[in-house]
Every structure is written in C-alpha cells, then in structure tokens.
Amino acid sequence: MNKEDCFYLGKIVKKYSFKGEVLAKLDTDQPEVYEHLETIFLELRNNLVPFFVEYAQLHKSELLRIKFEDVDTEADADTIMKSNLFLPLDLLPKLEGNTFYFHEVIGFAVKDKNYGDVGTIKSINDSSAQALFEIESNGKEILIPMNDEFILKVDRNTKTILVETPEGLIDLNF
C-alpha cells in the first residue's frame, strides 16, 4: 500500500496497558466511525505496514484505544509508539455539497464571483489558525482563507470551487 492511496487517520500517542494496548489520537470529527476497523496501516521506517486490530474502542471520547494482533507486551507497544496511522482512501465517507476533504480539491480551479478565474489549488496550508487554499496563478501564489462564508459552491464534476472573497483580497496577492 502506498501513502498516495491512503489518508492520514492519526497517531499512536501512548501506551495504555501492559498487554500492548495503545491510545491513538485521531484526526477526525467522528472518531466513532473507526471503532470497528479490521486493519490499520502503521508507518514504520517510511513504509506502510498492515496491522490487524483485535479490538478498538473510544477512550475519553477523543482517543481510540487499540489492541493490535501480535502486540502483546509493553515492549511490543514501544516499537510502534508515535507511529502515524493510515487507511485506504476508499474507506473515507463520501462528502457532498460544499464539504470536502483537503486532498480531494487539489487541482481544482478556483473562480471568484466578482474577480473571475483565480487559479488552481496546489495545496492546502492547515498549519495556521485558519486553513488556506494555496493557489497557483500565472506563476504566483495566492492565499485564500478556507472560510465557509467565502465558499459558494464546490462542483466535483467540473473540479471547480466558486468563492466570493472580500473586495481587494485577491489583489493583495499580486
């Protein structure tokens, strides 16, 4: 399994018991969706390795307590600590309307209701307080906040996002 075919689910953050159980912090608003997984890919030495899940359950609502097959001791758990967790893209629930996954809109064209064609989304910057579309436009980078009020329509068929940004925001980038 390649990383390009997967999505980041979360990270193992600590050991839970002397029986090899671990706690994972999930990168999702719906952690309960992932309580009944059979397999999770762990990133070990830059490779995705499948681990079979004996059981998993929510722990204090934000963490997932996981017992993997063949991880039976604290020492076993130590070998997978801080590992990133991945799942195949086809396990992502389908989104509709103006909601989208960040990876899904890479390559989409952005059009502003007032400004016209803006450019193509090259990446999403989610390292700041407000996530930003990073848009390529004639060799320049344009940053537009991913604000629900700005996003008018996400059209998956034409791979276009229609936005209405405050006056002057796009001009600031040139």
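Me: Helices (H or I, at least four residues) and strands (E, at least two) are DSSP runs, numbered from the N terminus. Which strand holds Phe7?

Reply: Phe7 lies in strand β1, which covers residues 6-15. The model is predicted, so local features need pLDDT of at least 70 and side-chain atom pairs count only at pLDDT 80 or more, whereas totals for chains, interfaces and linings use all residues. Residues are numbered from 1 along each chain as its sequence is written, and side-chain values use heavy atoms, with hydrogens and water left out.

Me: Why is Phe7 called buried?

Reply: Phe7 has a relative accessible area of 9%. Buried means under 20% (exposed is over 50%, partly exposed in between; 1.4 Å probe, protein chains only), so Phe7 is buried.

Me: What makes the group around Ile40 and Leu42 a nonpolar core?

Reply: A nonpolar core is a set of buried Ala, Val, Leu, Ile, Met, Phe, Trp, Tyr and Cys residues joined through side-chain atoms within 4.5 Å. The largest one has 23 residues, and Ile40, Leu42, Ile66, Phe68 and Leu85 have the most contacts inside it. Elements giving two or more residues to this core include β1, β3 (39-44) and α1 (74-80). Leu42 itself is in contact with, among others, Ile12, Phe68, Ile80 and Leu85, its neighbours within four places in sequence being left aside. In soluble globular proteins, nonpolar side chains tend to be buried together.

Me: How does the side chain of Asp155 relate to the backbone nitrogen of Asn157?

Reply: A polar atom of the Asp155 side chain lies 3.0 Å from the backbone nitrogen of Asn157. Asp155 belongs to strand β11 (residues 151-155). Leaving aside neighbours within four places in sequence, Asp155 is in contact with Phe108 and Thr160.

Me: Which classes make up the lining of the largest pocket?

Reply: That lining has 14 nonpolar, five polar and four charged residues. Ala, Val, Leu, Ile, Met, Phe, Trp, Tyr, Cys and Pro count as nonpolar, Asp, Glu, Lys and Arg as charged, and the others, Gly among them, as polar. The largest share of the lining, three residues, comes from β1.

Definitions and conventions
A polar contact is a pair of N or O atoms within 3.5 Å; within protein, one must be able to donate a hydrogen and the other to accept it, and residues adjacent in sequence count only if both atoms are side-chain atoms. Contact means heavy atoms within 4.5 Å.
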